[in-house]
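Please read it alongside the model.

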Amino acid sequence: MPPRGTRVKGKPRSNTPKNPTSSSTGSRMRLDEDDGFLSDLDNAKGWNVVVNVLCASFDLPDLTSRNGLKKVHANFEAIYSKMDRVYETNLEDVKIRGGIVGIFAKMCVDSILRNKLFEKGILRKIIPLLNIDETRHLALRALSNITHHGGRSIRTEIAEHCTNIIIKLIRDLPDDERVAELGVATLVHSICAVVDGDKEPDDPRVFKTLDMVDVFKVLLETMKRPYSSPRSIIEHVIELLFVASLHAASAYKAYPPAINFLVAGLRSNDWVCRCTCLNALIRIYRFEGEDDQSGLHPIFFTEAMKTGPPPHLGAIMDAYGRERCDTYLTYACNMQSAKAIMVYAKDRDLYALGLKQGALIVKTEFSIINGTGLYIPNSPFDMWSDSLKFSADAIRQKGKPSEEDLADIVELKFLISKHLISEAVDLAKKALQRDPHQAYFYYAISLSGDYVQGLRAAKKGMKCKITTPFLKHQMMQRAADHAANMGLKLMMGMPEAGEKVWEEGIAFLMSALEDAKAYLEGAPPDNRHMKNMGYWFVLLSILVKPDMSPDLKELDGALKSLKIADQFSEFVGITPPKTTLRLTQQAVVKHYPLAVTEFSHVFAKLDELRDTVAPAMDRNKVEDDLAAWLDDLRLEDGTLEDVIQCGSGLGPKVNADDIDLYRCSWCGNPSAVLRKCARCSKTRYCDAGCQKSHWTNHKKECYLDS
């Protein structure tokens, strides 16, 4: 059998005239001077044969080849006019109508022909065929093919005019698996073109006409049917529920089974499927989510510290060490900060003020009180936090090399307090060229919204010698947040299992889980980031362990810690903000038991059809993959950094295309700009600082290998 859209060559034609009218076909327009084609059409079994007979009758070129489509381009108007005439003259003949629509659908593989055909009104020819038993599958196949290949405007047009019709067909014909498969594919391809978009749907007008709750209902009802091969249906539903999650959030809340489905997807054996479902859940709450806490209310905070914590919170703080807890450190630093301002009001010594502020900044996040409680005549600042810029300048004016770091730290705190993060990152990078051991500089860079840059800085900063518990824990939580987001982003590229990107994505997610766990176990219990790390820990634990018990009993401790974190926030006068991550975590925990009951069998079936077995990730492999995540990264000039000789100077530059990515042998930071030891070529470092720090451990191995 020749492929659809090819001409039938050498086929004998009947010499016996045939009456062109019959009870099944009605009156026909002659397709050719030779009525043999009509005989061929009457005897045709299956749409493939019908289409081939019509292609031969219309003398069409081979529609399966580029050259054939070019010929259609060159003679489009004549070809279309002839086919349209036959279609309109034979409206009672479903074979001719269906066959011509099949030919048009084949032409729609070509984007230019597709646009021309839609301008001619091809959709008006397809829609009536949906309600005819003989042509229904053909029409759905045509729509599925067109929406699969079609541009956004064409898919949007199909969504607007066909959604309700297809929904009704799927509901009215529950035993027709082909209707379900082709109908779901068409719905998903077309509706995705409408609901996709960042700030708003790509087509707000059409989006308003869609009943997304009804769309979700019919899709989820369809997946529960015992079809023989439901893989395509399930995969298409996952696609739509992800794409629609951002702008159809209200539909998810109006129809909770849609959320249950995504939560159940976290139990799939397939990493990409699980990450897709988690990403969709996060997107549902993106616009609803509130900003995270960015400061303390000075009056509420002061009153809380005077009153003291509730007994059960006080006991937790005592067990950790009350003087090490964040609220007490913050309160002490605030008092010292205010006292330093009062001293400045008398002596006007910005240099002395800066030295005091610099010592406080590295102790806690909200160390410098931001008030105007004391008016200082003829002062260059009104808000006390604005003094940071002037005190940093005063320190620099003294010209003491030993205080250069301190001046940068004070100015960085000023920039961070004003939310000027890009400026802070630039300053921190310059400061690191002078002193690569100062953790505060890495902390400033870790605040960047750039996951790559932020994670690199956080990981490196955690290994710094010049640090404080506050900085260590801050960079730990930044590392967890950056790695989690980066891992989910990589997995949204739909990598195949075993591919490099797939392994890197898992490595990021595992690293994020480990850092979140370490933070929860080691950071002060009253630190404000306990909530965020708790959310990530819960979500990533479920993501990494798809066979979690339905009641999530494994997470009882983490969920209890989240309640305590909320109580610490309320103690200092802060209502825990309903961030996107908080709302996502709460939704997953709330829906998980019912999701397991309602939809886990769907994903189990999908795993079976895909023959997916959850792979066990070797810890060493995970760490190796984490090191490889920046493959092919370039410096601004397209080259990598210099090669370093242990204990000596620099060597020649090398081209980036010749160097793979490695991890720093000292701090473990993944980077494509590492310098390798020129003596043994087995270790690699971020810079001379990391190399010197590692030299004590490396020198014996280095001498043996060289």
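## Aromatic contacts

Both Tyr80 and Phe104 are buried, where buried means under 20% relative accessible area, exposed over 50%, and partly exposed in between (1.4 Å probe, protein chains only). This is a predicted model: local features need pLDDT of at least 70, side-chain atom pairs count only at pLDDT 80 or more, and totals for chains, interfaces and linings use all residues. Residues are numbered from 1 along each chain as its sequence is written, and side-chain values use heavy atoms, with hydrogens and water left out.

Rings of Phe, Tyr and Trp (its six-membered ring) pair if their centres lie within 6.5 Å; planes under 30 degrees apart count as stacked, over 60 as edge-to-face and the rest as tilted. The count by this rule is ten aromatic pairs. Tyr80 and Phe104 form a stacked pair, because their ring centres are 5.5 Å apart and their planes are at 25°. The pair links distant parts of the chain, 24 residues apart: Tyr80 sits in helix H4 (residues 76–89) and Phe104 in helix H5 (residues 94–107). Helices (H or I, at least four residues) and strands (E, at least two) are DSSP runs, numbered from the N terminus. Ring pairs also draw Phe76, Tyr80 and Phe104 into a cluster.

## Charges over rings

A charge sits over a ring if NZ of Lys or CZ of Arg is within 6 Å of the ring centre and within 35 degrees of the ring normal. Lys125 lies over the face of Tyr87, 5.2 Å from the ring centre. Lys398 lies over the face of Tyr351, at 4.9 Å from the ring centre.

## Salt bridges

Side chains of opposite charge can pair when their charged atoms come close. The cut-off here is a side-chain nitrogen of Lys or Arg within 4 Å of a carboxyl oxygen of Asp or Glu. The structure holds 31 salt bridges. One of them joins Lys168 and Asp172, with the closest N and O atoms 2.6 Å apart. Both residues lie in helix H9 (residues 152–172), four residues apart, about one turn of the helix. Lys168 counts as exposed, at 53% relative accessibility. Asp172 is partly exposed, at 45%.

Which parts of the chain does the bridge between Arg610 and Glu235 connect? Arg610 lies in helix H30 (residues 580–610) and Glu235 in helix H13 (residues 231–243), so the pair ties together parts 375 residues apart in sequence. The N to O distance is 2.9 Å. Arg610 is partly exposed at 25% relative accessibility, and Glu235 is partly exposed at 26%.

Glu288 bridges to Lys253, with the closest N and O atoms 2.3 Å apart. Glu288 lies in the loop between helix H16 (271–284) and helix H17 (298–307), and Lys253 in helix H14 (residues 249–254), so this pair ties together parts 35 residues apart in sequence. Glu288 is partly exposed at 41%, as is Lys253 at 39%. Salt bridges that share partners join Lys389, Asp393, Arg396, Glu404, Asp405, Asp408, Glu411 and Arg434 into one network.

## Cavities

A cavity is a set of points, on a 1 Å grid over the protein atoms alone, where a 1.4 Å probe fits but cannot get out; lining residues have an atom within 4 Å of a point. Grid points are joined across faces, edges and corners, and a volume is the space filled by probe spheres set on the points. The structure holds four cavities of 30 Å³ or more.

The largest cavity has a volume of about 170 Å³. Its lining has 17 residues, and those closest to the centre are Gln293, Asp326, Asp526, Asn527 and Arg528. Helix H19 (326–347), helix H28 (529–544) and helix H29 (556–571) each supply at least two lining residues. By class, the lining has seven nonpolar, five polar and five charged residues. Here Ala, Val, Leu, Ile, Met, Phe, Trp, Tyr, Cys and Pro count as nonpolar, Asp, Glu, Lys and Arg as charged, and the others, Gly among them, as polar.

The second largest cavity has a volume of about 90 Å³. Of its 13 lining residues, Pro436, His437, Lys460, Trp666 and Cys690 are the closest to the centre. Helix H32 (residues 688–705) gives the most to this lining, with three residues.

Notes: 1 Å grid on protein atoms, 1.4 Å probe; cavity = no way out; pocket = protein on both sides within 12 Å on 5 of 7 lines; lining within 4 Å.
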